[in-house]
Amino acid sequence: MEETITTALESQEYFINMGPQHPSTHGVLRLVLSLDGEIIRKVEPHIGYIHRSIEKMCEHDSYQQIVHLTDRMDYLSCHINNEAVCLAVEMGLQVEIPERVKVIRTIIGELTRLSSHQLWWGVMGMDLGAITTFLYGFRDRELITDIFEETCGARLTMNYNVPGGLMFDIHPNFQKRTKDFVTYFKKKLPEYDDLLSNNVIFRERTIGIGKLSKEDAISFGVTGPTGRASGFSCDVRKHYPYSAYDRVQFKEILRTEGDCFARYQCRIAEMWESLSIIEQLIDNIPEGPFKAPTKAVIKLPKGEWYQKVETARGEFGVYIISEGQKSPYRLKFRSPGFSNLSALDHMARGCKIADLVAIMSTIDLVIPDIDR
Amino acid sequence: MKSVVNYFKEIYFGLRSLITGLRVTGHYITHPKEIITQQYPENRDTLKMFERFRGEVVLIHDEKNEHRCTGCSACEVACPNGTIEIIHKKVDVDGRKVKALDKFVYHLQMCTMCGLCIPACPTDAIKMANTFEHAVFDRSKLTKILNKPGSKIMDGIK
């Protein structure tokens, strides 16, 4: 302790708290920065400000009730989180899911990814000082939330999945609305490039900032677009296909630079891929039931199951240990935000404070996902 | 010489990128019809939510002030947060004491609008209403009794 104080005094190092209430932390994340002038020497994230003990709550809930808690973790990819829990429970029950459910889940999952990336794009511009992008991102996101509202009944915390299928069938307008959105957004996506990607100020602030090598990405467990921008091929949809991802053609976006701009480009390219996945599936929704018959009280047999899915932020895993009761003995969530945050210190060392904001933006943190 | 050319090239492309961005925003200034802002509190009369939108739980009453709730507590069991509380009373039916609904207590402050209670109901007595303006000045107003005073169960619902 004494030693740290002496070294801190000698090197003129000082500490500053960023957060827990700071616009660029997107929630209640507290970063303790140790600074030398404006240069960051160390970033120490302090988490736990929005901890709700969701994992413990799951041990008292039935399997149907667990699903709605995952909405409250990574609220921007809530449908994909729901899907993960449902897939894990279905794996334990060994029920065959109707094809219709698989396709609908995939389409809504991709819409969720798009809406998450749109919000991220808007907020990223805002973090770097351009409030225009925020409004444009939200304008396009509104159309997706309308689709969700009409079909799932809610705009953000949808809770549309239930173990065995879906809560109710898609709305008759769903296909038309989605197709309209895809044609609309294909015209609007180049605007994103005009506004931000090619902007000289934006490029100056992101190119070469916050580099993360492939080896570091793997050792920190960084997944999602953040990991893929460093060249780490980690797309769960590609490597371990679930739902209907085995029957669609899409590219895994990989970059090698590993800087902020690569992560940005990765997400923009993913939006194009998501649009193409939706286009391939929207006309081919098979007929059939929207739910496999399950018992009212679901009891998993004794055993353990792990299911991982690709959310907008990375690999999300659900690990269920069952003792044969109607609620799990233990349930563990592997959230992408937590591992991605652990690499922040490594990326931000030697950067300036303003660069830290850009780096945090490109990791796309959602704090409730980290704290759970 | 090369560095000087690059210097001016950078300035040129930088300025051009700014102008491209401004052209997008300029397009929307000159095309006000493409702006989709809703004037929310003013358009309250015309604002229509989607039919599936989950606002709050309501007990369906018909024009004769009759509902379909038998007080079976299936929704209470399905609810993850203890939002619904069914209080029973005993009524005489043909000389037998039968459980029936006394009060359907709904704690809106605890509701997460997950909608699990709706498919759980065996008699389709409850639904999700489209209302969304739930703000009140006092927290106690959020605890509601959903069965209207004087209402009774419909004939033939068991």
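These legends walk through a few close-up views of a predicted model.

Residues count from 1 along each chain as its sequence is written, and chains are lettered from A, with ligands numbered from 1, in the order in which they are written. Because the model is predicted, local features need a pLDDT of at least 70 and side-chain atom pairs count only at pLDDT 80 or more, while totals for chains, interfaces and linings use all residues.

View 1. Within chain A, helix α1 (residues 2-10) has the lowest confidence, a mean of 64, and strand β7 (residues 315-322) the highest, at 90. Helices (H or I, at least four residues) and strands (E, at least two) are DSSP runs, numbered from the N terminus. Chain B averages 83, and 98% of its residues score at least 70.

**View 2. A three-stranded sheet in chain A.** Here β1, β2 and β3 line up in that order as an open, antiparallel sheet; strands pair if DSSP finds at least two bridges between them. β1 (14-18) and β3 (39-46) of chain A are the edge strands, each pairing on one side only. Strand β2 (residues 30-36) of chain A joins β3(A) through 7 bridges. Look for Ser34(A), which sits opposite Lys42(A) in β3(A).

**View 3. A three-stranded sheet in chain B.** This open sheet runs β3-β4-β6, again with antiparallel pairing. β3 (84-93) and β6 (143-145) of chain B each have a single partner strand, so one side of each has no neighbour in the sheet. Strand β4 (residues 96-107) of chain B is tied to β6(B) by 3 bridges, and Tyr106(B) has Lys144(B) as its bridge partner in β6(B).

**View 4. Two helices packed together in chain A.** Helix α6 (residues 131-151) and helix α7 (residues 174-197) of chain A pack at about 170°, with axes 11 Å apart. Axes are lines fitted to C-alpha atoms, for helices over the stretch in contact, and angles run from 0 to 180 degrees between N-to-C directions. α6(A) and α7(A) are therefore roughly antiparallel (angles over 145 degrees).

**View 5. Where the chains touch.** On chain B, 18 residues are in contact with 19 residues of chain A, counting C-beta atoms, placed from the backbone, within 7 Å.

How values were computed:
pLDDT is the predictor's confidence in each residue, from 0 to 100. Two residues are in contact if their C-beta atoms, placed from the backbone, lie within 7 Å. Angles under 35 degrees count as roughly parallel, over 145 as roughly antiparallel, 65 to 115 as roughly perpendicular and the rest as oblique.
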